[in-house]
Amino acid sequence: MNVKVLVLCLMPCLMLSLQAVAQGFAGLGTAAGDFSNPLRGRVLQFPADHGAHPDFRIEWWYLTANMTGPDGTPYGLQWTLFRSALAPEEGAGWASPQLWMGHAAVTTRDAHFVAERLARGGIGQAGVTAAPFNAWIDDWAMAGPDFGNLRLTAAGAEFAFDVDLRAQGPLVLHGDAGYSVKSAAGQASHYYSQPFYALSGQLTLPSGDVAVTGQAWLDREWSSQPLAQDQTGWDWFSLSFDSGDKMMGFVLRGGQDYTSATWIAADGAVSALPDGAFSAVPLARSRVAGRDVPTTWGLRLPARGVDVTVTALNTQAWMATSVPYWEGPVVVSGSHTGVGYLEMTGYDD
Amino acid sequence: MRRAVLSALLAHWRHNLLQLFTLLAGLALGTALWSGVQAINAEARASYDAAAATLDEGRLAQITGREGAVISQATYVALRRAGWAVSPVIEGDLGGVRLVGIEPLTAPRGVGPVSAVGDLTGFLGGVRQIFARADTLARLPAMAVRAVVSPSIAPNTAITDIGVAQGLLGRAGQIDRLLVAPVQPLNRAPLAQIAPDLVLVAPQTGSDVARLTDSFHLNLTAFGLLSFAVGLFIVHGAIGLAFEQRRAMVRTLRALGAPLRSVIWVMVGELVVLALLGGAVGVALGYGVAAALLPDVAATLRGLYGADVSGQLALRPVWWLSGMAIAVLGTGVAGAGALWSLARMPLLAAAQPQAGLVARGARGLAVTAAVLLALSGGLAVWGQGLIAGFAMLGALLIGGALAFPPMLAVVLGIGAARARGPVAQWFWADTRQQLPGLSLALMALLLAMAANVGVSTMVSSFRLTFTGFLDQRLASELYVSAVDAGQAAQIVGMADARVAAVLPVLEVERVVAGVAGGVPAQIYGARDHATYRDNWQFLQAVPQVWDVLARGGGVLVNEQLYRRAGLELGAMVGVAPGVSLPVLGIYGDYGNPVGQVILTETVFVAQFPDVVALRFGLRMDAGDVAGVRASLRDLGVAGGAMIDQAAIKAVSLAVFDRTFVVTTALNILTLAVAGFAILMSLLTLAAMRLPQLAPVWALGLTRRRLAALDLARTVMLAAGVAVLALPLGLALAWALLAVVNVEAFGWRLPMYLFPLDYLRLGGLALIAAGLAALWPAWRLARVPPAQLLGVFRHER
């Protein structure tokens with residue numbers, strides 16, 4: 001259980017399945033003190049901070065998208081690059097302690113396609129450069145002349161996608177100017193997003209190619225600190241309302257749940273909301289990959305008049321990767337309507 | 001009640017300690033041979049499995065450089081970035097240990113080292129780790145890595161991260177081959193576009209090493225099975241006797257009110273305890289046998305097939321459990337008949353004398369034997385598949401053994417009819433009288449001898465065939481491999497002036513069309529040269545085969561392709577699009593699992609103009625080899641790229657000598673077991689025969705004379721066994737070589753006969769039997785006259 005908690009704390013999507021990999025990503029063998037820690041008040045610098053921070057233990061470039069086909073059929077897409085360091089440094093060739101993991105998925109109402117890639121740093125197989133921006137692992141890439149204009153590609157054995165992303169709004173810094181607290185004890189990460197991408201491109205599915213358009217949300221986060229020992233998992237929501245407003249909220253489950261939320265107005269104005277301002281209650285569960293996972297949620301953010309029901313587009317959006325979790329598109333109804341993405345970890349009983 | 005039954009039954013063993021010893025020793029020896037051979041096989045197989053898991057050479061497709069050229073790390077990254085799910089491997093020699101460098105993150109799931117390695121942080125972080133067995137680690141030179149003992153890794157192999165391996169081998173940035181994951185993503189660019197110098201090698205069905213060494217293990221397994229059969233005969237004899245002698249006791253017990261069920265269960269329990277005791281001792285002995293032989297077996301396999309087998313024996317639960325199980329099972333089989341007849345024995349029936357019982361059984365034996373032999377013959381003619389081959393083997397052996405007592409009875413009958421003089425007549429009659437008591441031991445001897453004849457013939461045939469094959473295949477004095485075409489040209493330029501002939505080895509792998517939709521095969525181009533004409537022998541060939549081949553009038557195929565594709569002489573083989581040539585000859589290609597086709601050089605070059613010869617056979621006087629080697633070394637040819645024919649042959653012969661050590665040791669052991677069976681039978685008979693010997697003694701034959709006659713009788717019976725064992729053993733060898741081997745490996749070993757070996761074996765059998773008879777004879781010579789007289793006093 002301890003190992004599991006540590007892994008959970010270190011990286012949201014990396015849990016214990018392929019034990020070796022998970023241990024590696026968790027960096028259990030490395031003294032935490034050697035890594036840099038997020039600092040409140042550190043001013044994020046762009047484009048430099050779009051790149052990798054090898055002195056931090058964990059980091060990710062996490063893109064999710066809600067899309068529709070020509071006939072209005074909804075689709076979801078995920079493209080994630082994780083970095084995990086065994087030591088707080090970059091090294092040449094195979095000596096590099098930086099490890100990379102890529103996850104890609106496409107979700108339809110009745111199918112969920114997943115692929116995974118693992119790579120060593122130092123040899124050119126995977127990495128991130130800030131300007132021009134390029135994040136890649138094997139043949140998957142998120143790259144473009146700048147952070148606002150990107151082409152996103154990935155392929156698995158059964159699916160592929162190739163889409164363009166155009167930023168329609170500013171970057172959003174979560175928490176205190178990008179310093180996002182993760183527990184009452186003060187653990188934190190650097191966390192910013194680009195939630196305003198307009199997306200267009202093509203999905204390749206077993207049934208054939210589909211032209212899609214939609215909106216995408218990119219999360220950037222890096223940290224080194226474990227969360228509190230009693231935190232066992234989390235539920236993370238990114239919602240885009242039809243009004244143009246957006247909202248990010250998460251619950252870290254533990255002896256005492258810890259919540260955090262960010263309200264993003266249609267014009268890009270950001271307000272961070274403290275612990276307790278946001279609540280999420282499971283309304284219905286589904287049997288997924290042999291476990292019960294909440295796939296309908298009641299979300300409330302009274303400060304903004306939000307009282308919505310969030311329902312999974314496909315309840316079986318299980319990421320059967322070496323570190324499994326649930327990640328998929330959702331539909332929002334209630335006080336606000338819209339779409340979004342839901343990520344849940346820690347449901348592996 | 002049960003307690004009384006138990007103590008009564010156990011009293012029998014207390015009074016017949018020798019019989020108890022026979023039973024336990026027979027069980028122990030049979031189990032020992034069986035489990036010893038099994039242990040050797042299990043150990044060797046575990047080693048291959050570890051090797052296969054280390055590399056997974058068979059299961060996965062691989063990408064390699066042409067002609068084994070090195071792959072650059074940049075090419076690997078380019079392939080990954082083009083979507084190819086491949087994982088790099090580097091291999092090299094580090095202080096005699098095979099060092100394998102892997103990349104755990106990209107290695108396909110299930111590839112051994114990743115799971116063997118376990119802790120990725122330890123593997124990749126901080127001081128890097130190197131994994132190997134303890135004995136392998138001990139041989140590695142000192143270096144700045146952390147050694148981790150891992151018994152699941154193949155012998156003489158060490159595994160570490162590819163970066164560490166590149167450093168230790170001094171080959172930074174180099175990769176030897178890429179493992180191709182079974183599942184690949186969509187939209188991959190074609191290999192030819194990204195890395196035109198690399199070739200994709202399809203996965204093989206089963207590793208080469210495993211297929212080759214299977215042949216050796218088959219031999220050992222057959223040996224183990226036969227040994228156990230020998231042991232079983234001993235156990236059967238001992239149990240049968242013990243039950244026979246206790247019939248009276250059982251009758252008494254039952255008359256006193258002991259329920260039959262209790263008696264039977266107590267006896268079953270007694271048998272189980274005995275089986276477990278004997279089995280435990282046997283497994284321990286088997287461990288000793290295996291430990292003593294394993295280094296030789298390991299050396300044999302390494303030399304013969306390049307298969308690395310650890311010389312150390314691990315105590316595997318599977319084989320000691322199987323040893324115990326086989327002991328219990330064997331006892332069960334041996335005791336079932338005795339228990340059955342005991343259960344059906346009428347309460348008031350007299351304890352029958354043995355002779356009657358056996359006489360009743362003799363006809364049954366003859367019938368059973370005839371049925372089994374007929375079955376074996378039928379399987380030999382009509383049987384298909386490996387199972388049928390083994391069934392045929394089993395039926396042949398057991399049928400042969402069971403046929404022995406009836407046949408001997410006939411021979412003895414003839415002997416008795418022709419005997420002149422009272423002593424001779426008594427001798428024959430007495431021998432016939434003893435036959436039932438001795439027949440089980442004699443059958444055991446027969447089986448042991450037949451097994452020895454069969455296995456020796458097979459091993460020796462293998463040796464002759466293989467060395468002949470080496471002579472044929474390695475006719476050139478020196479073989480040299482070039483790294484690239486440039487070096488090849490240099491070698492040819494240098495050698496042309498120095499040696500009698502330069503024979504290029506032109507090779508390409510293609511699917512050979514025309515037969516059953518196509519079969520993958522190696523196609524070779526052979527220069528028209530006396531080397532081939534003088535040395536090659538064919539299983540079948542058209543007349544003037546070399547002349548027709550040189551004219552481009554056909555192809556030669558190896559036996560594997562011939563059998564697999566069902567070819568005949570004259571059948572057309574499509575070697576290239578639009579080019580089909582008839583089969584001119586079929587040659588033996590022992591130990592090679594892959595089909596082969598040989599074209600003449602001109603045809604080969606015309607069809608495959610891009611193939612450049614990188615290997616050459618150089619013909620020269622044996623005395624020139626050292627000089628040419630030195631010149632080649634000056635050209636930059638590595639020592640490992642030159643193979644000296646004489647050295648190969650020396651190694652091969654050394655290997656066969658090791659094989660013979662193993663075979664001889666097993667031969668002697670089985671004979672010893674059989675000899676022991678005879679000894680025990682004779683000792684048991686000795687006590688019962690006293691009433692029959694006493695009158696003869698009283699009529700004037702001295703005890704010495706009686707003892708000498710007994711000794712002569714045993715040796716005579718052993719000689720009879722030897723005479724019958726020879727054809728049985730040869731039939732066994734034939735079955736192994738011509739039926740089982742073909743079914744298992746697709747090639748037939750020619751059978752050679754070794755009369756001197758058989759004579760020596762026969763001599764050994766006579767000595768074993770003579771030694772076994774010596775002590776009983778000596779005891780007979782010393783039996784106190786009072787005891788003989790006592791027979792008359794107690795006469796009923």
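**Close-ups of a predicted two-chain model**

**View 1. A strand pair in chain B.** Strand β3 (residues 86-94) and strand β9 (residues 177-180) of chain B run antiparallel to each other and are joined by four bridges. Two strands count as a pair if DSSP finds at least two bridges between them. Look for B:Ser87, whose bridge partner in β9(B) is B:Leu179. In general, strands of a sheet pair through backbone hydrogen bonds, either parallel or antiparallel. Keep in mind that this is a predicted model: local features need pLDDT of at least 70 and side-chain atom pairs count only at pLDDT 80 or more, while totals for chains, interfaces and linings use all residues. As for bookkeeping, residues are numbered from 1 along each chain as its sequence is written, chains are lettered from A and ligands numbered from 1 in the order in which they are written, and side-chain values use heavy atoms, with hydrogens and water left out.

View 2. Zoom out and you get an open, mixed sheet of eight strands in chain B, ordered β6-β5-β7-β4-β3-β9-β1-β10. Strands β6 (146-149) and β10 (198-201) of chain B sit at the edges with a single partner strand each, so one side of each has no neighbour in the sheet. From one strand to the next, the twist averages 25 degrees. Strands here are DSSP runs of E, at least two residues, and helices are runs of H or I, at least four, numbered from the N terminus.

**View 3. Two helices on the sheet.** Helix α3 (residues 73-81) of chain B lies across β1 (61-65), β3, β9 and β10 of chain B, at about 160 degrees to β3(B). Helix α7 (residues 162-169) of chain B also packs on the sheet, where it touches β3, β4 (97-102), β5 (129-132) and β7 (157-161) of chain B. The direction of α7(B) makes about 35 degrees with that of β3(B). Angles run from 0 to 180 degrees between N-to-C directions, with axes fitted to C-alpha atoms, for helices over the stretch in contact; contact means heavy atoms within 4.5 Å.

**View 4. One buried side of helix α10 in chain B.** Helix α10 (residues 247-255) of chain B has B:Arg247, B:Val250, B:Leu253 and B:Arg254 buried. They share the same side of α10(B), because they cover an arc of only 125 degrees around the axis, going by the directions from the helix axis to the C-beta atoms. Buried means under 20% relative accessible area, exposed over 50%, and partly exposed in between (1.4 Å probe, protein chains only). After α10(B) comes B:Gly257, with a positive phi near 110 degrees.

**View 5. A:Tyr347 and its surroundings.** Now over to chain A, where A:Tyr347 lies in the segment after β23 (338-344). A:Tyr347 counts as buried because its relative accessibility is 13%. Leaving out residues up to four places away in sequence, A:Tyr347 touches A:Asp235, A:Arg253, A:Arg285, A:Arg291, A:Asp292, A:Val293, A:Pro294 and A:Trp297. The A:Tyr347 side chain makes polar contacts with the side chains of A:Asp235 at 2.8 Å and A:Arg253 at 3.0 Å. A polar contact is a pair of N or O atoms within 3.5 Å; within protein, one must be able to donate a hydrogen and the other to accept it, and residues adjacent in sequence count only if both atoms are side-chain atoms. A:Gly233 is 114 residues from A:Tyr347 in sequence, yet 7.4 Å away in space, C-alpha to C-alpha.
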